[in-house]
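Please consult the sequence and the model alongside the notes.

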Amino acid sequence: KIQRLDPKEQHYERGQHYETVVKNYTTALEEYLSQVKKYPGETNLAVRALQASAGVKHRRLNDPQGAIADLRRVLTDYGRHPDADNTLHDMVQIAVEAKDYPQADRLCEEFLVAFPQSELREKVVQTRRNISRFVW
């Protein structure tokens, strides 16, 4: 089935298969990152692949810093993408879950400066309030 897809979509879909069906997270990561490397101009697929890679690192491999690094690539390489504010919000949440409150606070500040009109703004403000006692 994957072979019938446009070649530009195949790495992402193989990554999905390895992640969800086979549960081979290392191979899934390789496929996601191949998607970005081979087809960086396919913005939506590249962003989805980086987000998927971050999800595997965060949820499956307990690598919050690796997840944040993948999401940072979305902001660096595709900062004008419509999901950029969601991506930064996800970075905040990962840092909070990892109990890295200083990093979470810095990411909250970055979010509030970069996306002052985002619909996620109030959530970020609330998160910052919630972690403020842990940041000094």
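Predicted model: local features only at pLDDT ≥ 70, side-chain atom pairs only at ≥ 80, totals over all residues.

Residues are numbered from 1 along each chain as its sequence is written, and side-chain values use heavy atoms, with hydrogens and water left out. Helices are DSSP runs (H or I, at least four residues) numbered from the N terminus.

**Helices α1 and α3**

- Helix α1 (residues 7-22) packs with helix α3 (residues 43-60) at an angle of about 20°, and their axes lie 10 Å apart; axes are lines fitted to C-alpha atoms over the stretch in contact, and angles run from 0 to 180 degrees between N-to-C directions.
- The two helices are therefore roughly parallel (an angle under 35 degrees).
- In contact (heavy atoms within 4.5 Å) are Lys8, Glu9, Tyr12, Glu13, Gln16 and Glu19 of α1 with Leu45, Arg48, Ala49, Ala52, Val56 and Arg59 of α3.
- By class, this contact has five nonpolar, one polar and six charged residues; Ala, Val, Leu, Ile, Met, Phe, Trp, Tyr, Cys and Pro count as nonpolar, Asp, Glu, Lys and Arg as charged, and the others, Gly among them, as polar.

**Helices α4 and α5**

- The axes of helix α4 (residues 64-77) and helix α5 (residues 84-97) come within 9 Å and cross at roughly 165°.
- That angle makes α4 roughly antiparallel to α5 (over 145 degrees).
- The α4 side of the contact includes Ile68 and Leu71, and the α5 side includes Leu88 and Met91.
- The residues of this contact divide into 11 nonpolar, one polar and two charged.

**Glutamine 35**

- Glutamine 35 belongs to helix α2 (residues 25-38) and counts as buried, at 0% relative accessibility (buried means under 20% relative accessible area, with a 1.4 Å probe and protein chains only).
- Its side chain reaches the backbone nitrogen of tyrosine 12 at 2.9 Å.
- Beyond neighbours within four places in sequence, the contacts of glutamine 35 include His11, Tyr12, Pro40 and Leu45.

**Loop residues with positive phi**

- Most residues other than glycine have a negative phi.
- Asparagine 62, in the loop between α3 and α4, has a positive phi of about 50° and is exposed, with a relative accessible area of 66% (exposed means over 50%).
- Lysine 99, in the loop between α5 and α6 (101-114), has a positive phi near 60° and counts as exposed at 59% relative accessibility.

Technical notes: Polar contact = N/O pair within 3.5 Å; in protein donor to acceptor, adjacent residues only side chain to side chain. Parallel < 35°, antiparallel > 145°, perpendicular 65-115°, else oblique.
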